[in-house]
Each structure stands twice: as structure tokens, then as C-alpha cells.
Amino acid sequence: MAAAKQIVEKLIVENTLMIFSKSTCPYCTSAKDLAKKLNVQFMALEINKEANGSDIQAYLKEKTKQSTVPNIFIKGKHVGGFDDFEQAHKDGTVQKLLA
């Protein structure tokens with residue numbers, strides 16, 4: 001799990017908008033589409049395609065108390081899943097975090 005923690009923390013720090021995703025998840029696709037619509041550069045890690053994906057997901061659950069994907073961070077702040085991200089976009093929180 002230490003390797004997963006290192007990967008997750010590094011990605012959160014290095015990317016303004018970080019989406020931990022699964023390529024088969026429609027909510028993840030919606031989150032990535034919204035990020036594209038916002039015209040903000042983002043990184044999406046498809047954890048179902050990672051050899052240690054289950055460890056990454058387990059660490060994310062430990063860190064955020066959220067067991068589902070997408071698991072989204074903006075400038076290091078945990079935003080939540082797609083519904084949270086969409087609501088934060090609608091109420092202007094995403095724009096404030098990105099400013």
C-alpha cells in the first residue's frame with residue numbers, strides 16, 4: 001500500500017485537476033467530459049488499467065472515505081465524485097478552486 005500512497009499523493013500534488021477513474025465507469029466519463037468543457041488541463045488515472053489499481057483504490061478510500069470513482073481533487077483539495085464535481089461547477093466552487 002505504501003507504493004499506492006506514493007503514486008496517489010504525487011499525482012494529486014503534480015496535477016491541478018486529478019481524476020482517479022475507471023475506463024468502464026460512465027460517471028468517470030462524465031467527469032472527464034466536464035473537465036474538458038471547463039478547458040482545464042487534467043490528469044485521469046484509469047485505475048482499472050493499473051497493475052496495483054486495487055491498492056490505489058484502497059488507499060483513496062482510506063484517504064477520502066470514498067470507495068467509488070471518480071475520485072476528484074482540485075489543487076490538492078478533495079472534491080468528491082462526479083455529482084459533487086458537477087454541483088461544485090454549478091455553484092462556482094470549481095472556478096474558485098482553479099483560480
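Mentor: Helices are DSSP runs of H or I with at least four residues, and strands are runs of E with at least two, numbered from the N terminus. By that rule the protein chain has five helices and four strands. Please bear in mind that this is a predicted model.

Trainee: In what pattern do they follow one another along the sequence?

Mentor: The protein chain reads α-β-α-β-α-β-β-α-α.

Trainee: What makes the radius of gyration agree with that of a compact globule?

Mentor: The rule is 2.2 Å times the number of residues to the power 0.38. For 99 residues a compact globule would come near 13 Å, and the protein chain has 12 Å, so the two agree. The C-alpha trace spans about 35 × 25 × 25 Å along its principal axes.

Trainee: How do you know what length to expect of helix α2?

Mentor: The expected span is 1.5 Å times one less than the number of residues. Helix α2, residues 26-37, has 12 residues, and its expected span is 16 Å. From first C-alpha to last, α2 reaches 16 Å, close to that expectation.

Trainee: Which residues of α2 are buried, and why are they said to be on the same side?

Mentor: Cys28, Ala31, Lys32, Leu34 and Ala35 are buried in α2. They cover an arc of only 160 degrees around the axis, and therefore lie on the same side of α2. The face turned away from that side carries the exposed residues Pro26, Lys36 and Lys37. The cover over the buried residues of α2 includes β1 (17-21), β2 (42-46), β3 (71-74) and α4 (82-90).

Trainee: Why is asparagine 39 called exposed?

Mentor: Exposed means over 50% relative accessible area. Asparagine 39 has 73%, so the term applies. This residue lies in the loop between α2 and β2, and its phi is near 60 degrees, a positive value in a residue other than glycine.

Trainee: Why is lysine 65 called exposed?

Mentor: Its relative accessible area is 70%, and therefore lysine 65 is exposed. Lysine 65 lies in the loop between α3 and β3, with a positive phi near 65 degrees.

Trainee: Why is alanine 44 called partly exposed?

Mentor: Buried requires under 20% and exposed over 50%, with partly exposed in between. Alanine 44 has 23%, so it is partly exposed. This residue is in strand β2. Leaving aside neighbours within four places in sequence, alanine 44 is in contact with Met18, Ile19 and Lys32.

Trainee: What makes a group of residues a nonpolar core?

Mentor: Its members are buried residues of nonpolar kinds, such as Ala, Val, Leu, Ile and Phe, joined through side-chain atoms within 4.5 Å. The largest such core here has 15 residues, of which Val8, Phe20, Leu45 and Ile56 touch the most other members. Elements giving two or more residues to this core are α1 (2-14), β1 and α3 (53-64), and α1 gives the most, with four. A second, separate core has 13 residues, including Ala35, Ile72, Phe82 and Ala88.

Key:
Residues are numbered from 1 along each chain as its sequence is written. This is a predicted model: local features need pLDDT of at least 70, side-chain atom pairs count only at pLDDT 80 or more; totals for chains, interfaces and linings use all residues. Side-chain values use heavy atoms; hydrogens and water are left out. Buried means under 20% relative accessible area, exposed over 50%, partly exposed in between (1.4 Å probe, protein chains only). The arc is that of the directions from the helix axis to the C-beta atoms. Contact means heavy atoms within 4.5 Å.
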